Amino acid sequence: MRIEISPKPRSEISADMEIICVVGKNFDHPWIEEKETLKLMGFEGEQDQTCMLPGSAQLYVGVDSLHHDNIRSGYAAAIKALSNTKISHVKTGLYLGKCPAQNVKAMAEGLILGDYVFDHYKSEKAKHPVKEVTIGCEDFNGKQYECEKAKKHLENATTIALATNYTRNLVNMAPDDMIPEMLALKAVSLAEENGLECIVLDEKGLEEENMGAFLAVSRASSHPPRLVHLTYKPENAKFKVALVGKGLTYDSGGLSLKPAEYMVTMKSDKSGACAVLGIMKAVSELGLDVEVHGIIGITENMIGGNAYKPDDILTAKNGTTIEVRNTDAEGRLVLADSLCYAQEKVQPDYLLDYATLTGACVVALGEYTTGLMGHDRGLKHSFSKAASNAGELTGTLPFNRYLEKLIKSDIADVCNISSSRYGGAITAAMFLDRFIEKEYKHKWLHLDIAGPAYVEKAWGYNPAGASGAGVRMSVKWLERTIKLANEERSAH
Ligand code: BES
Ligand code: ZN
Ligand code: ZN
């Protein structure tokens, strides 16, 4: 699907169909020409409700307001409504509201995210009939908008939405296809295509780095583990960020085996790593002025004669000893070593990690919300604001000194599970905190994406399966943080 901006008024653009929004159930807006017919068809203008009028070549879609979330969702619903037609050229105009830049981007994102179908394993592929969308550069109120600006926003949104779909594709792949070596190869291809530096560590490399926790998790898998370190290093970097991702291509639970109904969907346990790859892709294509390191720990958590066990004591890269009491709490073990690696090799200004870490986070916040945790209120605040501007949901879960005590071990420095059944998302983060050096405490942000990364039922513009959670919010946060750094610099 190609999306382009046209300087022509909407009426002069030729297309097979026009997408028109009904805003806030208000049918009296001057751009709604078929008021009576719409009523007759039972169209009430509910958010995401669509009504196609082939005679007048119009597709109406309801949006509750001109908020970017509603525009994104509405355009996704519109493109979906066309998925079984033969309509190939669509036109529309702008719905600008309070923040024009955000709404132009939301429109493009809605179209691209809404058109996504994962049909890799289907004999019959999705048709995607719409090949071209022309956006007339005027607000529906008739006000002209600057074409060059609209083009810039469109380009930005397209890059980010395609990177999100790239992450969705990686996560949706079956675990026997997307084995650790394959995911590492995908990272290598991304590095080649986007001019990134790329280091891949195999088992021997992990041993040389003393990653005893990571290696223990990988031991029973017949597929060798990988740690990938990608670097995007532009000339005018304003600061340096390390993004660390959990890449469990499968999580059976290990010897603390998951029950059958909890094991399905655990191919999605690589979502953190795939989000990091999506962010690297977007950041390098946008040419953002920030040095970004993507570090992903990739392995499987399996069973077997040589599997690591409850009661084992592991030694992580920083020398911390870990008592294993549950092999299903494996993500934090892989992350512990990967976080140590990131601090030692990158010495970043910000350290973010992405992981489908705990079922407890899903219980706490619901399936659609990312759990944000860390020591720095400012960082958590700026990130959650960026996330909401990008159309993603976050909720902050607070640390406290009582929960911290629950991961004490009698025999080692720390235990890999909490002694309580409550507060599991936070105690998991507090475990990670044991691997954050003092000088990075306030630079670190932990994102538990266990809920939104993979949902078995479609939600909003997200289809059933992988959503690409983490990509849009992180790119938005990086853009904002760069902007702030520039403003601070020019103020001095
Ligand atoms: N990958 C899971 C967490 C998860 C659960 C992700 C549901 C997505 C949906 C993680 O490795 C895990 O198994 N965590 C355990 C931790 C427990 C043993 C302390 C959990 O959440 O039950
Ligand atoms: Zn697990
Ligand atoms: Zn896991």
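## A helix across the sheet

Helix α9, made of residues 271-286, lies across β8, β9 (240-251), β10 and β13 (350-355), and runs at about 140° to β9. Here contact means heavy atoms within 4.5 Å, helices (H or I, at least four residues) and strands (E, at least two) are DSSP runs numbered from the N terminus, and angles run from 0 to 180 degrees between N-to-C directions, with axes fitted to C-alpha atoms, for helices over the stretch in contact. Helix α14 (residues 424-433) lies across β13, β14 (369-373) and β17 (444-448), running at about 145° to β17.

This is a predicted model, in which local features need pLDDT of at least 70 and side-chain atom pairs count only at pLDDT 80 or more, while totals for chains, interfaces and linings use all residues. Residues are numbered from 1 along each chain as its sequence is written, chains are lettered from A and ligands numbered from 1 in the order in which they are written, and side-chain values use heavy atoms, with hydrogens and water left out.

Eight strands form an open sheet with mixed pairing, in the order β7-β8-β10-β9-β13-β17-β14-β15, where two strands pair if DSSP finds at least two bridges between them. Because β7 (197-201) and β15 (393-396) stand at the edges with a single partner strand each, one side of each is left without a neighbour in the sheet. From one strand to the next, the twist averages 20°.

Within this sheet, strand β8 (residues 226-232) and strand β10 (residues 291-301) pair in the antiparallel sense over seven bridges, and V228 stands opposite I296 in β10.

## The zinc site

The zinc ion (ligand 3) is coordinated by K246 (NZ), D251 (OD), D269 (OD) and E330 (OE), at 1.9 to 2.4 Å; donors are N, O and S atoms within 2.8 Å of the metal (3.2 Å for Na, K and Ca), and water is not among the atoms, so sites may look incomplete. The site of this ion is octahedral, with angles of 77 to 174° among its six donor atoms, a label given to six donors if opposite ones are over 155 degrees apart and all others between 65 and 115.

The zinc ion (ligand 3) lies 3.2 Å from the zinc ion (ligand 2), and D251 coordinates both. Both K246 and D269 are buried, that is, under 20% relative accessible area with a 1.4 Å probe and protein chains only.

Conventions. Four donors count as tetrahedral if all angles lie between 85 and 135 degrees; four count as square planar and six as octahedral if opposite donors are over 155 degrees apart and all others between 65 and 115; anything else is irregular. Buried means under 20% relative accessible area, exposed over 50%, partly exposed in between (1.4 Å probe, protein chains only).
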